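Here is a brief report on one protein model. Look at the overall fold before the details.

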Amino acid sequence: MLDVACGTGLSCIALKQIAKRIVGSDISAAMLAQAERDERIDYLRCPAEALPLASRSFDLLTVSSGLHWFERHAFLAEASRVLRPRGWLVIYDNFFSANLRGNPAFKPWFNSTYLQRFPTPLRDNQPLGDQSARHAGFHLLAQEKYANVVFFDREQLVDYLLTQTNVLAAIQGGDWTLNDARTYLTDEVSPYVPSSEPQAFDFGGPIAYLRKIG
């Protein structure tokens, strides 16, 4: 199995339940450096649109929360190339809904104050359609949505928000320092997550199941 845009390897670890051998690829050396090492997983630094891997060498390719950053046509062509005939491509996202269970006031803060301070960077959020899938040599067999819950205490919530591309773009652009962003977010979320008691946040997203034609 090949996991593209694997980041720190969490999605690769999860794939151990169904795969004998796993390759995780990502363009960020810093992310890969944080990945948990495992004898069944090999990590590879490369762009999603140019995979230095043999053709027809994988049964399954997965992408978690990465397609919107890719040059889509180039990636789908590479996915088709490295998959074996009738191989599977599974693309899914896991979004932070900003829904804090038991405190509906958090979501309005997130949608107004947070997103105003840290706007979402441009990305390709167009859904993957059947026509583009077929053009790349895939059948789009099914799509569904799923939901899950993640528990954050205040410090964990701030740490998570600091990993969002909204905040990273502001820091990399020089508008904020990491310390200033951490202090600001800690002050802002304190009324909603006032202690170290973990709170339940809703996550989830779509999953698309594609199969290579031929």
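What share of the contacts in the protein with a separation of 6 or more comes from residues 24 or more positions apart? The share is 73%, where a contact means heavy atoms within 4.5 Å.

## Basis

This is a predicted model, in which local features need pLDDT of at least 70 and side-chain atom pairs count only at pLDDT 80 or more, while totals for chains, interfaces and linings use all residues. Residues are numbered from 1 along each chain as its sequence is written, and side-chain values use heavy atoms, with hydrogens and water left out.

## Overall build

The protein has eight helices and eight strands. These are DSSP runs, numbered from the N terminus: helices are H or I with at least four residues, strands E with at least two.

The C-alpha trace spans about 55 × 35 × 35 Å along its principal axes.

## Burial

Of the 214 residues, 42% count as buried, meaning under 20% relative accessible area (1.4 Å probe, protein chains only).

## Strand β6

Strand β6 covers residues 95-100. F96, A98 and L100 form its covered face. F95, S97 and N99 form the uncovered one. In a regular strand, side chains alternate between the two faces of the sheet.

β6 pairs with strand β8 (residues 199-212) in the antiparallel sense, over four bridges. Pairing requires at least two DSSP bridges between two strands. L100 stands opposite F201 in β8.

Conventions. Buried means under 20% relative accessible area, exposed over 50%, partly exposed in between (1.4 Å probe, protein chains only).
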